[in-house]
Amino acid sequence: MTGNINGTDPSDTWRRQQAQRIVCILLSAFNTCLVQENDVVLSLMSSIKSGEATNILSRSCSKLDSLFIQDGSAQKMKAIMIGLSHSFPVLSAIASSLLKCVLSVVDKLPWGPGKSFALHAAYKNAIDSGMLEQKDLSEAIANTSGYVKEQRSGFGDALLSLASLCRLSSEKTQQELDLVAKTCEEVFLDRNLHTGGEDKLMSILAGCAAIGDLPGIASFAPNISAAAKKNFVADIVKMLEEIVLNDAEELKYRDAATIGLGILCAMSRSSHIRNQMRKNTANKFDSIQAKDGSVMQEILTEVEKTYSSLCTVPSRNGTSRVVVVNKLCALFSTLEPIAMPGNFSRVIELTLNNSPGNELELKASATKLLVSQLEPTRRRIGFDGRGFVDLCTRLAKMPSNELIALVGPNATPIMATSLPKLIYQIPTGTGEDVAKSLWAICRADLSISLSSQSATEFLVGLKMWQRV
């Protein structure tokens with residue numbers, strides 16, 4: 001059901017209708033799990049069918065009283081939460097205001113019946129769409145952390161939610177992640193006799209979620225969080241190993257810990273992929289042709305040599321690496337006025353992926369070169385610039401926190417300037433998504449760094465686009 005579901009093509013209309021139907025089925029099942037069926041949930045289903053949330057509905061959802069689950073419906077509710085979590089991207093595409101309403105309703109559930117499975121995806125999509133801000137996420141993290149510390153009924157569900165939400169935050173959350181690790185140790189290694197049942201099982205998942213995506217829940221292609229530290233990962237692995245090898249532990253917890261170890265094995269850090277890409281760097285440059293003896297050939301040769309040097313100089317080797325980084329920035333600056341072949345976009349992508357987070361100047365230089373290549377009037381015959389358009393589109397559609405981490409805060413205003421050059425080179429539906437994503441990035445920049453530069457560039461670009 002993914003893709004553009006808001007198009008006018010009959011297949012788009014059909015997919016949209018089916019997506020709305022599926023979400024309504026899930027909410028109907030949600031309502032049957034409650035002690036008493038809720039009229040607000042029924043109104044929400046009607047709005048999803050129509051594809052629009054009214055202001056009255058939004059207020060009703062936000063002011064909704066706490067919801068209570070029928071006895072024996074907790075496991076069914078967990079399945080519903082997982083199903084809803086995977087529907088949020090589509091729901092956000094239909095109307096982000098509807099996603100916010102569903103989040104408000106889910107948040108009224110007690111801890112215990114699996115609302116942690118839905119909250120991670122709900123907050124992620126709500127922030128990416130601009131319906132919520134980082135301050136809303138920070139408030140949710142603080143409230144969840146407080147509940148975990150009290151260790152009341154259902155705290156295992158809250159612990160999993162805390163671990164998952166911390167991975168979405170652009171702010172420092174190491175204190176909360178340390179709380180997750182400490183609580184897991186208290187539950188299993190310190191033999192906390194007050195904890196048992198579902199809370200113990202959810203605590204195992206929480207330990208894994210503090211490291212990366214839970215496959216089939218947060219993601220179908222789980223990645224280790226970029227912020228995960230080696231010693232933190234090692235501690236979680238050691239804890240799970242001790243549970244597995246402890247014959248005195250109940251079998252269901254040993255089985256769950258075994259699955260947890262498998263989950264960690266399934267996770268991969270993006271640097272693994274980057275290392276594979278680094279091995280093929282020479283092949284990337286070989287595919288970029290320039291006339292023998294030309295100035296472009298000389299510059300590209302220097303870029304290749306410098307980039308190869310950058311891959312071999314460790315990031316901890318400060319002095320040597322700074323020299324190489326500065327040279328590559330200068331070479332990228334030299335290439336900005338030149339119409340480059342589209343496959344050079346792969347070099348820019350490699351640079352963004354492989355440079356560490358503290359090399360902001362290099363990231364900004366690569367981003368500036370990318371945006372400079374979007375000008376179609378500079379295209380030379382035989383030099384297809386679609387590679388630059390494709391890369392810029394993919395970057396612009398990334399979640400704001402992931403894009404800022406990739407290109408750096410100095411480059412987000414540069415990305416905002418791409419709007420008028422990029423928007424009329426891509427399909428209308430994609431252009432709308434790009435504009436929404438870029439605005440979400442600007443909002444995140446305002447919230448995180450209190451800088452209005454990205455927003456200013458975006459609005460200037462929007463005005464230029466409207467004149468075209």
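**Values and their labels**

Modeller: Helix H17 (residues 345-354) and helix H19 (residues 386-396) have axes that come within 9 Å and cross at roughly 30 degrees. This is a predicted model, in which local features need pLDDT of at least 70 and side-chain atom pairs count only at pLDDT 80 or more, while totals for chains, interfaces and linings use all residues. Residues are numbered from 1 along each chain as its sequence is written, and side-chain values use heavy atoms, with hydrogens and water left out.

Colleague: Why is H17 called roughly parallel to H19?

Modeller: Angles under 35 degrees count as roughly parallel, over 145 as roughly antiparallel, 65 to 115 as roughly perpendicular and the rest as oblique; the crossing angle here is roughly 30 degrees, and that makes H17 roughly parallel to H19.

Colleague: Which residues make the contact of H17 with H19?

Modeller: With contact meaning heavy atoms within 4.5 Å, H17 supplies Ser345, Ile348, Glu349 and Leu352, and H19 supplies Gly387, Phe388, Leu391, Arg394 and Leu395. By class, this contact has 5 nonpolar, 2 polar and 2 charged residues, where Ala, Val, Leu, Ile, Met, Phe, Trp, Tyr, Cys and Pro count as nonpolar, Asp, Glu, Lys and Arg as charged, and the others, Gly among them, as polar.

Colleague: What makes H8 and H10 roughly parallel?

Modeller: The axes of helix H8 (residues 155-166) and helix H10 (residues 198-209) come within 7 Å and cross at roughly 5 degrees, and H8 and H10 are therefore roughly parallel to each other. Among the residues in this contact are Phe155 and Leu159 of H8 and Met202 and Leu205 of H10, and by class the contact has 8 nonpolar, 3 polar and 2 charged residues.

Colleague: Why is Ile224 called partly exposed?

Modeller: Buried means under 20% relative accessible area, exposed over 50%, and partly exposed in between (1.4 Å probe, protein chains only); Ile224 has a relative accessible area of 22%, so partly exposed is its label. Ile224 is found in the loop between H10 and helix H11 (230-245), and its C-alpha atom is separated by 9.9 Å from that of Arg167, 57 residues apart along the chain.

Colleague: Which helix gives the largest share of the lining of the largest cavity?

Modeller: Helix H23 (residues 428-449) does, with 4 residues. The lining as a whole divides into 4 nonpolar, 4 polar and 2 charged residues.

Notes
Axes are lines fitted to C-alpha atoms, for helices over the stretch in contact, and angles run from 0 to 180 degrees between N-to-C directions. Helices (H or I, at least four residues) and strands (E, at least two) are DSSP runs, numbered from the N terminus.
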